[in-house]
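Let's take a walk through a protein model together, one step at a time.

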Amino acid sequence: MNVLGNMPGLVMRLNRSGVLGLNRRNGDYIMKFNHRRYYPLVDDKVLCKIRLQEQGLAVPDLIGIVRWMRQTAQIDELLGGSNEFVIKPAHGSGGDGILIITDRKSDYFVDSDGMLVQHVDLEHHMTNVIGGLYSLGGQPDVAMIESLVHFDPAFSDLTYHGVPDIRVIVYRGYPVMAMIRLPTRQSHGKANLHRGAIGVGVDLCSGITIGGVSGNEPVSEHPDTGAAVAGFAIPHWSRIVSMAARCYEAVGLGYLGVDIVLDRDLGPLILELNARPGLNIQIANRQGLCKRLDAVDQLGTLDQTHEKRVAWACETFGEPESDLLMQAPW
Amino acid sequence: MSKYRQWIVLSLLLLLLGGLIFTYKVVRLGFPVTPDLTSKAWTIQVRLEIQPEGGPVRAELKLPSRSSGFTLSRENFISRGFGLTLDEETFSRQAHWAVRELREPRTLYYRATVIPETRQQRFAARPGNPQAPQLEEPFATALADIVAKVREESADTESFTASILFRLRGAGSDENFKLFLSEIEEPRELVGLAQTFLAGAGIPSLQIHGVMLQYEAQRAAVRTMLAVYDGEDWLLFDPETGHQGLPEGFMIWWRGDEQLAVVSGAQLQDVQISIKQSFESALELAFERVELKNSRIGKISILQLPIQTQSVYEVLLLVPFGIMVIVFLRNFIGFSSFGTFAPVLIALSFRETELLKGILLFILIVSLGLVFRFYLERLRLLLIPRLAAVVTIVVLLMTTISIISDQLGVETGLSISLFPMVIISMVIERMSVVWEERGALTSIREGFGSLMMAALAFLVMSIDILAYWVTVFPEVNLIVLGIIVASGRYTGFRMTELVRFRQLAGGEG
């Protein structure tokens with residue numbers, strides 16, 4: 001891998017492929033289209049959830065919020081009868097500090113890895129969250145408890161102990177690229193790429209998967225289930241894309257990552273929004289973002305309705321369905 | 001102008017401003033670009049021995065005035081009992097000593113330091129046309145002949161003067177010259193004679209007296225040069241050799257036909273000029289020039305601050321260089337670290353410990369701190385008390401390492417006290433979070449990333465010349481700011497992204 005020697009050529013080829021780098025994402029898109037005053041709406045997951053609910057967008061139910069240290073002792077009241085729930089820092093990033101509880105016995109809980117969690121462990125985790133251990137910049141935070149999402153059985157071959165998570169990049173209201181993140185044994189059931197989940201590109205129009213990557217390496221099969229990752233049609237796709245497009249109106253950010261999960265009973269739910277979405281989606285889709293972003297910029301006037309924006313995106317960025325179903329694994 | 005263009009204008013302005021101040025200080029004020037540079041300086045002393053004759057005494061001494069290539073500083077007069085007045089004009093300066101009554105022999109001293117000057121200056125005012133000399137016969141006719149003849153054999157003022165001087169040195173055997181030369185008793189009167197010829201041709205001229213600055217001279221000779229005005233500028237000639245131009249090391253002292261010292265009411269027994277060369281710090285000389293010129297720009301330097309403040313500022317002014325390294329490593333290379341600028345603070349502590357020992361101490365403290373941090377985690381302390389406990393443990397660890405290393409006779413262990421303990425505690429805290437959330441490998445890798453950034457920032461900040469520059473030329477930080485602003489709109493790829501996205505690169509072609 002002689003990267004240094006080929007640097008100028010590599011830079012040129014990456015530019016020609018329209019690959020977006022971090023500096024350009026920050027300087028030309030986030031700084032330009034994500035107004036500071038809208039950041040709290042996505043950085044605070046509680047505010048975000050409330051705003052999305054106001055807009056009629058489906059989200060996992062909020063069970064409760066733990067704001068003060070003393071509340072951690074009264075968690076049982078807050079939980080009511082819930083045996084399955086997720087504790088998240090409201091200002092967390094990168095999936096840090098998320099504790100998933102899948103079951104409850106008399107005096108202990110069971111987490112997503114099947115490990116036992118004592119009541120005191122749960123309380124301690126919440127005090128860490130409230131103290132700001134996982135929040136951006138370390139400021140004091142609150143712990144939110146939301147109901148657990150049960151993944152759609154359609155995904156049973158494609159995930160290991162966790163909920164696959166669909167990421168759609170929405171640029172100025174238009175969905176421009178999508179991928180699905182499949183949890184693996186290595187990622188401990190979490191759908192974070194840097195923890196070892198697989199990223200799989202998804203055709204924006206049909207919702208059919210087009211081949212995955214683990215880290216930066218291509219993969220054609222799920223390492224734990226052995227199922228092929230390409231050629232799978234994600235259920236409820238058109239609803240997923242239009243929900244993502246509607247988030248633009250909900251929070252006003254021009255460059256947005258929308259994370260959506262499919263619940264067995266409730267269908268697509270918006271898990272969280274991201275004002276600084278990562279760039280791995282390009283690797284998962286084997287395509288750079290720049291050309292698609294430029295296509296949106298070249299539209300003279302932006303469509304006001306999400307239906308029109310989704311239709312345009314489907315027409316512009318979608319591949320013929322027959323090609324997708326016939327694709328060879330790569 | 002769009003605000004996306006403004007950054008480049010701002011950055012250029014900053015670079016230009018920093019560059020201009022720097023250049024002005026180096027070129028005009030003579031600030032040395034490298035430390036420990038010395039320049040020559042000379043101490044000149046004039047000693048007048050006066051033998052009283054009773055009654056009031058007045059003494060007059062020509063003082064060095066504006067000269068090409070030299071400036072004076074630290075002038076003093078030693079003249080017990082005499083009243084001193086100075087008479088200063090642009091091109092002539094004189095000291096007047098006077099005393100009502102003088103009974104005993106007295107010695108008057110004038111002493112000054114001559115420092116090299118970077119700027120060339122005019123050394124005399126524009127003259128009027130000279131009066132034609134009124135001479136008796138046969139001199140008048142001889143003069144007219146000489147002027148006519150030499151003018152015929154020369155092209156301009158310069159060659160006319162050269163030709164006159166050449167003939168005066170006896171090289172010509174012209175009868176007319178012999179007539180004039182026979183009147184001359186001392187060689188120094190030759191200059192006066194040359195002036196007579198030049199006046200005959202209507203060329204303004206002036207005697208320039210000075211000394212050669214040399215290594216050491218107890219009794220330096222005054223040399224007289226001939227200056228002629230060619231209508232635009234003064235040309236200098238050495239009457240003894242006929243060479244044109246100011247000889248190297250010649251310091252102009254006074255102009256005109258007068259003597260160096262004149263005494264009335266007493267006898268001037270002896271006039272002695274002594275010269276001694278010394279080497280002085282170029283920087284100190286530059287500051288003397290700043291004082292003489294009263295230059296505000298030259299005073300922009302932290303060397304004007306109290307000493308203890310200076311050393312603090314020397315470190316502070318180096319920080320932007322370290323930060324520039326971090327900007328480069330993060331936005332151009334693609335490093336990531338714990339805390340945006342924490343590596344710079346760690347790098348500052350390396351200044352006291354040296355690099356290798358600093359890195360070892362850092363690793364030692366962080367690993368010990370991590371062990372304690374994991375133990376504290378099991379105690380389920382709340383976040384803030386736990387952080388406070390980690391800081392305290394870090395302080396205790398530092399103290400312990402210092403005491404142990406002192407007993408072992410290892411001195412570097414002592415300098416550990418300058419480690420930024422709060423920063424280290426935060427690094428420990430962040431590392432332990434990453435350790436739990438993303439695994440030990442990621443955590444250790446990011447820890448080493450921070451350490452490497454600190455090491456690189458340290459290497460840049462420890463370049464000797466930078467420490468000197470920020471003290472003498474704090475404006476270099478304007479240049480650093482300009483570079484940082486310029487890099488602020490770099491939206492190209494980071495080097496690590498080239499690896500990360502390499503599979504997305506299309507084919508050659």
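Which residue of chain A forms a salt bridge with B:Arg489? Look for A:Asp28: the closest N and O atoms of this pair are 2.9 Å apart. Keep in mind as you look around that this is a predicted model.

On the chain B side, four helices each supply at least two of the residues that touch chain A: H9 (355-379), H10 (383-407), H11 (421-438) and H15 (495-500). Sort that side of chain B by class and you get 13 nonpolar, seven polar and 14 charged residues.

Now zoom out to the whole contact. Chain B brings 34 residues to it and chain A brings 48 residues.

Next, have a look at chain A by itself. Chain A has eleven helices and 13 strands, and its C-alpha trace spans about 60 × 45 × 45 Å along the principal axes. How does that fit with a compact globule? For 330 residues, such a globule would have a radius of gyration near 20 Å, and chain A has 20 Å, so the two agree.

Inside chain A, the domain assignment gives domain 1 (19-41 + 152-326) and domain 2 (61-147). Their C-alpha centres lie 27 Å apart. Where these domains of chain A meet, nine residues of domain 1 are in contact with nine residues of domain 2. They bury about 670 Å² between them, with 31% of it on carbon and sulfur atoms.

There is one salt bridge across this domain interface of chain A, plus two residue pairs in polar contact, both residues being at pLDDT 80 or more. The side of domain 1 of chain A that touches domain 2 has one nonpolar, four polar and four charged residues. While you're in chain A, find A:Asp96 and A:Arg195 too: they form a salt bridge, with the closest N and O atoms 3.0 Å apart.

Last stop, chain B. This chain is divided into domain 1 (139-249) and domain 2 (304-472), and the C-alpha centres of these two domains of chain B lie 74 Å apart.

Conventions: Residues numbered from 1 in each chain as written. Chains lettered and ligands numbered in written order. Predicted model: local features only at pLDDT ≥ 70, side-chain atom pairs only at ≥ 80, totals over all residues. Heavy atoms only, no water. Contact = heavy atoms within 4.5 Å. Salt bridge = Lys/Arg side-chain N within 4 Å of Asp/Glu carboxyl O. Nonpolar A, V, L, I, M, F, W, Y, C, P; charged D, E, K, R; others polar. Domains from an automatic or database assignment. Rg over C-alpha atoms; globule rule 2.2 N^0.38 Å. Buried area = accessible area lost by both parts, 1.4 Å probe. Polar contact = N/O pair within 3.5 Å; in protein donor to acceptor, adjacent residues only side chain to side chain.
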